[in-house]
Amino acid sequence: MNIMSLLPLWVLMTSFLAAIVIFLLPEERHRLRSTINIGAAIIKIGLIILLIRLVAQQETPEVSLEVLPGLSLVLRADALAMLFAGLSSILWLCTTLYAIGYLENAPNRSRFFGYFSLCVASTMGISLAGNLFTFLIFYELLTLSTYPLVVHRGTPQSLKAGRTYLAYTLSGGVVLLVGVALFYAFAGDLAFGQTAQMAEFTHTSPIASAIIFLLLIGGMAVKAALFPFHGWLPTAMVAPAPVSALLHAVAVVKAGAFGIIRVVYDVFGIELAWQQGYLLPLSLIASFTILYGSWRALQQTDIKKRLAFSTVSQVSYIILGVTLIGPLGTIGGLVHLLHQGLMKVTLFFCAGNYAETLGIHKIHELNGTGKRMPMTSAAFTLGALGMIGIPPVAGFISKWYLGTGALAAGMDWVIWVLIGSSLLNAAYFLPVLYRIWFLPQQGQWPHESFTQWRDTIPLLLIPALITAALSVAAGLFAGSDLSPLSWARLIVIREYQP
Amino acid sequence: MSSYLIFAYGGVGLCGIGVFGFILHTHLLRRLIAFNLLGSGTFLILVGLSQSGRGEADYIPQALVLTGIVVAVAATALALVLIRRWAALTQHATLPEDQGPS
Amino acid sequence: MVHFPMAGLVVFPLLGALVSLALSQRWRTLMSFALILALLLNNALLLLQFYSQGMFNEAMGNWPAPLGIELRIDGLALIFSLMSAIVASICALYAYVYLRPAQLKLFWPFFWFLWVALNSIWLSSDLFNLYVGLELLSLAAVGLVALSRDALSLAAALRYLFAALLGSIGYLLGVALLYATYGTLSLVELSQHFSLTLSSSVALGFMFIGLLMKTAVFPMHSWLPPAHGGALTPVSALLSALVIKASFYIVLRLWTELSLDSAPTSAGLLMGILGSAAILWGGWMALHQTHLKLVVAYSTLAQIGYFMLIFPLLSDTNPHASHLAFQGGILMLLAHALAKAGMFLAAGNLLFCTGQKDLHSLAGLSRYRPLNIFAFGLAGVSIMGLPPSGGFNGKWLIIQSAMLQSQWQWVLVILLGSLLSAAYIFRVFSYTYQEVEGGDRFKQPSPLLEWSALSLSVLSILLGFASMLVLDLLPSHSVVTQ
Amino acid sequence: MNELIDLTLVCILLGLASLSLFTQSLFRAVMFFILLGLILALVWIRLDAPDIALAEAAIGAGITGILLLDALAHLRATSNTPPQLRQLKQPRFWLALISGAGVILLLALAISEPLAPAVALDLQVSENLTNSGVTHPITAILLNFRSYDTLLEVAVLVLAALVAVTLRQSDEHPVVNEYLPNPLLHACLKLFFPMIFLVSMYLLWAGAAQPGGAFQAGAVLAAAFVLFYLVGLKTQLAQNDIYLKGGWIFGLALFVLVGSMPLLYGQPFLTYPDSQAGIFILLIELGLTLSIGWILFSMFLLSQSSPLQKKDSP
């Protein structure tokens, strides 16, 4: 075992150790804590880059530990893992920077950043998990480490949101546990990618296989906020903005979506899932969620609530892409995992900036903010346009691949879903943009701070600008070798040509 | 029927009465007496039954009963100390849940 | 010196008891900690001995069984001995800081006698010797409960004493019948001659009822919450983590050694039903307590229910699945010992901070005493059976076993129980996360108190990664089911 | 004929048991219980168990009876609920009845099965008796073959005393020595004491070859101590914590010490040196007798210091 094969462990440990150190630091050591946090995030990005290079060279570093008889914790870096790990590591850095600015002078920062890092550690575990058991462990750990963040403010409202969050995610966790346990009891100890054995099992006992599929997807659908399990997501909006960003863009919903990707591609294999007819119901639910989420978003007057329902809708694009057999649809789904993350995190940063700088929470209060906060508003605009799917922002690429993928899979009706949802996206984002840029300010801002800055403080602004720039770059340079798109292609090539 | 077995049956009777009293009574001292009856019954069964199987005195169960008696006395003494302390503190010789609505 | 490590398990705590009764305060403390270290070392030596020579017996007074009493070290005994060594040492450290000098003076001898009793039970393979061990254990535990000397704890102690005495007599009745039938007290020899006749069944029935009463299995549980919830904190931890395990351990020993897995399934089913009722009832009651330590005490009731689910799953028709249940049960017992002790100590710290027992008074603690909340939380993870933790691994194995044997009802119960436990643990949490006016008005427990709670909780989590170290000590399934 | 005696004894036994549980007066209940103990002693003799008979009379009936009576005196002031045979409608009654009847039924079924013990342990006892250092089999079992049980049992006794001392309140007034004022009695008891002491020692010594032993001797010794206390002599000894606890643990300490020594010579715990077992057994028994006597006495003594105090009422 050489140093390189331990890399997956180190990627996990950077945030895990950071979490422990942060927990142990006294509350008032703000500067040291920030330094450690940012340092760990940067080291992690470095390690991820190393890993990505390894994976690109057809290597799959793996670490494993036997925890129960015949059952191991496995961390394995394959191409799909790196897609999610890469996204999380970049966004961890951005979100940490943002959170440092956002929580300046707030209490309980030690607790917040500790759980924040733990949350990222769990996300890393989820992305690098080499079998369902490992996945399950980190999936539950994620639930545990996000709860303190959701209830961070300690108000009755946030405690209630925390209860809702737990009720959904723990129940989902139980369903997943049953699914995974059944999988191990009957299909055996299969690592991700051993789809041939699973096919054999499915042919001998198709009903058990279908139940396992249903339970696994059902358990993950809660975190992925698929209809009708989406109720926790808008409620959890009471959490601080960086937490929302984390929940929506980096960790929680993505963990669910990523899990579904794993189940379809690496547990069952897409060919098998397609042949067994598992995918069509899933794509119907995903399509419905896309339209339903957009429709509900349209009715919201609160900025964060609208964004939350937008997430419900957007995450289902990923699921939809997964269910489209054929390389194009798969690429669409995978690449949207990244694109949605970048765009949504931008939107949440901006929403946070409006709230922190001007005290704005409602959409009708946004009138004229473009003049007061031009850069934030520009970032917001880019994110929103991306969500609608307007080129050259990254969202366009996703929708393009989804559309062509649907046609290739012979599911033409998906096009109508895409068109419908794009229209709805436009309907709930464009009026907001109109208010920001073209309507005059109405009276005083609700609660203005940071008046000495032209826009807002740099710690809040810069992360938003970076992620906005990244979402444009991901669209503009989609053809380059370094883009998310080419990495998604790489994954797809490996999936379809084993 | 050998006298060993007769006393084993006597032990059975003591056990039954002991259990009946133990559950029925709420007064702690009476419960303690019931426990002691139960203990004596058990000892009788242990010695009586074992000896009736052999037809002669068996020293092993007798030694066990000696140990058992001492343990029972220790337990009884300990229980009495607790009961007295409890009575001194609360003026009751029953546990709170058995004191009725008064 | 080959006889030393095994005898040390009994001799050292006995010496501790003598020393703590005979010496003056300073020497008492010093010698007690020296002896704790000696015991830890002794356990380590025993582990080494076990690794090198495997399971072994030792005849007390050089009289081999069945005439004399033989002590036995096998994987199971060793696991429990190590478990009690770890938990007891940390609880002793905690007690040393937590208790007032007058209480501490009385605590030490009880503590040592408790440890004598525990070790004698883990090691014993003689039915009557187990009875004496049980009595010693019960009286020591009752003494510890009565240590706080107020009316409430006296009532708890009395209730506990009567339950324990009745339980012991039930056990002894069974022993009497078994001796009369088989003419031996040695468990090993008994297992060679044992057959499930009417009188053996009655005997085992009485023994199990007695032992389960001492374990506080539903519906014979009502003595437990006031005793465990009302005792002084380190005592609560010892009682919940170790004492209830002793009688359960004997049930498990009897069940496996007498091959009751081939008995009619109704016996196992009955145990499973009692366990299920305990899980649901304990969880439900824990959810409705307003006093922090009572939440933890009721949680113990529910956890005992999980242990009971081993029995319906031990069957000789499917040795593999049966072995999984056995391993899972052991892991759960161990994880519960660590986590529950950690949780009680953390709860004690929280009560110390607020000075009140009510859950509402916890508001704001997450902000000002995060370390204690963290310790409570980590223990909670294992109690809830969420990964990564020893509790999860145990639960996983039991679920696997139930699935392989198509006994879906237990899976359902376990899952419901997990959700209930999550509900009552997160309920405590949500109180601590409330933000209140008035700043930091809480007392600060000494770091030693905080770290001893945390270390136990962390161990229960680490067990989730090191389960194989424990399971490797157990015999492979061909031996367990014979 | 013998069976008739046995049956009569059993009937008396059961009758006394019922009386001790269900008479109205608690005092009489205790009296019936003590009487039951004496009858039990007879029963043990019929069962060819003179050792147990002795122990039952001394410990079972004697000590337990004294402790119960003593406690009764202190419980007078409590709300004394009479036995509730009248509460036939209570679920508790039915639960008790069903449990009691169930126990009888199950046990009767169990013991009516023919017995054929697979192991003849009593033969092993007699075979090994010569190596045990004593000639009385029960002493051999208690202090040699199964001495480990006895060790733990002594620990149980110490524990019981410890609980008593735990519950003694520190603010309580010290024991007032309410000794008997009669000078003649005083003098008689003074004379009696050495005799009782001698009896105790004889019981101990005899235990090696015939019925008797440390526990019976200890019980007698305790009675001697109680008399000693009642005549008001030197009970200050028992007020001193060191002597009090030292007395308790003396026997146990001796036992542990003697038992651990063989460990140093590579022998198992509690092994006696060859051919000297008798001496060591006697030594241990001496220690145990003193400690047991002292423990039982101090249980009595400690209970004297917690009289019922009305002012404590909640």
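## Chains A, B and D

Chain A and chain B do not touch, and their nearest C-alpha atoms are 36 Å apart. Chain A and chain D do not touch either, with 37 Å between their nearest C-alpha atoms. Here two residues are in contact if their C-beta atoms, placed from the backbone, lie within 7 Å.

This is a predicted model, in which local features need pLDDT of at least 70 and side-chain atom pairs count only at pLDDT 80 or more, while totals for chains, interfaces and linings use all residues. Residues are numbered from 1 along each chain as its sequence is written, and chains are lettered from A and ligands numbered from 1 in the order in which they are written.

## The contact between chains B and D

Four pairs of chains touch, and the most contacts among them are between chains B and D. In this pair, 66 residues of chain B are in contact with 80 residues of chain D. On the side of chain B that touches chain D, α1 (3–24), α2 (28–54) and α3 (59–90) of chain B each supply at least two residues. The most comes from α3(B), with 24 residues. Helices (H or I, at least four residues) and strands (E, at least two) are DSSP runs, numbered from the N terminus.

By class, the residues on this side of chain B are 41 nonpolar, 20 polar and five charged. Ala, Val, Leu, Ile, Met, Phe, Trp, Tyr, Cys and Pro count as nonpolar, Asp, Glu, Lys and Arg as charged, and the others, Gly among them, as polar.

## The overall form of chain A

Chain A has 21 helices and two strands. Its C-alpha atoms fill a box of roughly 70 × 55 × 45 Å, taken along the principal axes. For 498 residues, a compact globule would have a radius of gyration near 23 Å, and the 21 Å of chain A agrees with this. The radius is taken over C-alpha atoms, and the globule rule is 2.2 Å times the number of residues to the power 0.38.

Of the 498 residues of chain A, 63% count as buried. A residue is buried if 20 or more other C-beta atoms lie within 10 Å of its own, exposed if 12 or fewer, and partly exposed in between, with C-beta atoms placed from the backbone. Among contacts in chain A between residues at least 6 apart in sequence, 80% join residues at least 24 apart.

## A hairpin and a helix in chain A

Strand β1 (residues 62–68) and strand β2 (residues 71–76) of chain A pair in the antiparallel sense over six bridges; pairing requires that DSSP find at least two bridges. A:Leu65 stands opposite A:Leu73 in β2(A). The hairpin has two residues between the strands, and A:Gly70 takes a positive phi near 70°.

Helix α18 (residues 394–409) of chain A has 16 residues, which at 1.5 Å a residue should span 22 Å; its end C-alpha atoms are 23 Å apart, which agrees. The expected span is 1.5 Å times one less than the number of residues. The buried residues of α18(A), including A:Ile397, A:Tyr401 and A:Leu402, pack against helices of chain A, among them α14 (303–323) and α15 (327–358). After α18(A) comes A:Gly410, whose phi is positive, near 80°.

## A covered helix in chain C

Helix α6 (residues 151–182) of chain C should span 46 Å with its 32 residues at 1.5 Å each, and its end C-alpha atoms are 46 Å apart, which agrees. This helix is mostly covered, as 30 of its 32 residues are buried. C:Gly183 follows α6(C) and has a positive phi, near 75°.
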